[in-house]
Amino acid sequence: MANWDVIVIGLGGVGSAAAYHLAARGCRVLGLDQHHRLHTYGSSHGKTRIIRQAYFEHPSYVPLLRRAYELWNELEQAADEHLFHRTGLVELGPKEGVVIPGVLRSAAEHGLAIEELPIAEVARRWPGLAARELHSQSQWQAVIEKDAGYLRVEACVEAHLRLAEQASATLQHERPVRHWRASPHGVEVTTDDGVEHADRLVIAGGPWSGQLLSGLGIRLSVLRKYQYWYAPQQTGYDQRDGFPCFFHETPTGYFYGFPSNDRDGLKVSRHSGGTPIVSPTPAHPPDHADQSLIEDYLKAFLPGVGNHLQAQVGCYYTMTPDEHFIVDVHPDHPQVAIVAGLSGHGFKFTSVLGEIASQLVLDGQTTLETSLLRLERRHNT
Ligand SMILES: Cc1cc2nc3c(=O)[nH]c(=O)nc-3n(C[C@H](O)[C@H](O)[C@H](O)COP(=O)(O)OP(=O)(O)OC[C@H]3O[C@@H](n4cnc5c(N)ncnc54)[C@H](O)[C@@H]3O)c2cc1C
């Protein structure tokens, strides 16, 4: 006899949301995480994550984002907390590049409100972005998405955890899962304190997913990435002054960032690049080459920020070969749902991925279209 309806392995971005949705549906939920609550060893820390809908990566994500927006809104109401800051997002890059055409395609297919701007108008609205480098790029274009901004990443995870507990989920941190297996009646999950039995299982292991899903033929690679905060040396970069989030496709890669505020400097990071690692470690040695690329980028495109580094934090991307997520039921065990390989762009989706994981594991299907994210493509990529 199973003592739980569903066990959730991993209580980070996805697992916290899955535990919440499962508990809200009345399941007896056990959530297990190897580390302490809101730890900084995985992928869901560093204060902020960009959220946007005109998705350059693929238009198929837009319906998921529409649902994610509804769920973030519901979470804010239920938690009575401001989680989503609608600062707007400026995306900049070559007209014939990846980002601008991708944004325009998603916006056109799904009727999303965006504004196309000439570079000179960007410089007029946000002088902090008015670098000579930008003016010299005659083939560049800007797109503004007003209903975009950032999520407070740790506050989102904590809100999901807290509301899951209020809905009677049992969440146990610092309890690593050593092994799981399907049993005739459900699943068995082995920890150092014994074996837990459940009817169903959700696996949401973030950068540790490779270990939890070995044997499934999924190719996941883990990249170490960094987030940096700089104290702006000139005014005009603050959220209160209307400075937006930004995402640039540049000749040296993709860079993105967030406005400064009362507590924190301007945060900037490189979406491309990253150091491949074999398995996640808690400590992140400084990466001087990465920092130097960041500071070259700031000098060229946000010159008033300067190079007074306040803080830096390491983090992990878990990449699939095609950089689309894996969201599916286990091919051999229909009582097991998997969310993995969020490829460095998954946090904005965690609200809806939690809901989808709960539907997959309880109903065997989801009400949302997820064919782009199915496991079967692993043989082709
Ligand atoms: C620097 C950086 C910037 C990013 N920027 C953005 C952005 O702007 N917008 C965006 O949408 N996304 C962004 N992302 C991506 C996003 O943050 C991740 O896709 C998302 O947070 C991943 O959530 P997760 O639940 O898969 O992983 P995690 O949050 O890491 O959760 C996995 C959990 O599983 C637990 N676990 C693993 N194995 C076990 C085990 N055996 N037993 C028990 N527990 C286990 C871990 O301890 C961990 O808590 C960024 C990521 C990084 C690193």
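**The ligand and its surroundings**

Guide: With three residues, β18 gives the most to the shell around the ligand. Helices (H or I, at least four residues) and strands (E, at least two) are DSSP runs, numbered from the N terminus. This is a predicted model, in which local features need pLDDT of at least 70 and side-chain atom pairs count only at pLDDT 80 or more, while totals for chains, interfaces and linings use all residues. Residues are numbered from 1 along each chain as its sequence is written, and side-chain values use heavy atoms, with hydrogens and water left out.

Visitor: Which elements each supply at least two residues of the shell around the ligand?

Guide: They are α1 (13-24), β3 (48-51) and β18 (309-319). A residue is near a molecule if one of its heavy atoms lies within 4 Å of it. Of the 34 residues around the ligand, D33, H39, S44, C315 and K348 come nearest.

Visitor: How many residues of each class does the shell around the ligand have?

Guide: Ala, Val, Leu, Ile, Met, Phe, Trp, Tyr, Cys and Pro count as nonpolar, Asp, Glu, Lys and Arg as charged, and the others, Gly among them, as polar. The shell around the ligand has 16 nonpolar, 15 polar and three charged residues.

Visitor: What polar atoms lie by an oxygen atom of the ligand?

Guide: A polar contact is a pair of N or O atoms within 3.5 Å; within protein, one must be able to donate a hydrogen and the other to accept it, and residues adjacent in sequence count only if both atoms are side-chain atoms. An N or O atom in the side chain of D33 is 2.5 Å from an oxygen atom of the ligand. For K348, a polar side-chain atom lies 2.8 Å from an oxygen atom of the ligand, and for H345 a backbone N or O atom lies 3.3 Å from an oxygen atom of the ligand. The protein covers 96% of the 1,000 Å² of accessible area that the ligand has on its own; such areas come from the Shrake-Rupley method with a 1.4 Å probe, and for residues only the protein chains shown count as cover.

Visitor: In what order do the three strands of the open sheet stand?

Guide: Two strands pair if DSSP finds at least two bridges between them. The order is β3-β8-β4, with antiparallel pairing. Because β3 and β4 (84-85) stand at the edges, each with a single partner strand, one side of each is left without a neighbour in the sheet. Four bridges join β3 to β8 (residues 149-152), and R49 has L151 in β8 as its bridge partner.

Visitor: Is S183 buried or exposed?

Guide: Buried means under 20% relative accessible area, exposed over 50%, and partly exposed in between (1.4 Å probe, protein chains only). S183 counts as buried because its relative accessibility is 14%. S183 belongs to strand β10 and stands opposite G186 in β11. A hairpin of two residues joins β10 to β11. The side chain of S183 also reaches the backbone nitrogen of V187 at 3.4 Å.

Visitor: Where does K47 lie?

Guide: K47 is in the loop between β2 (29-32) and β3. Its phi is near 75°, a positive value in a residue other than glycine. With a relative accessible area of 40%, K47 is partly exposed.
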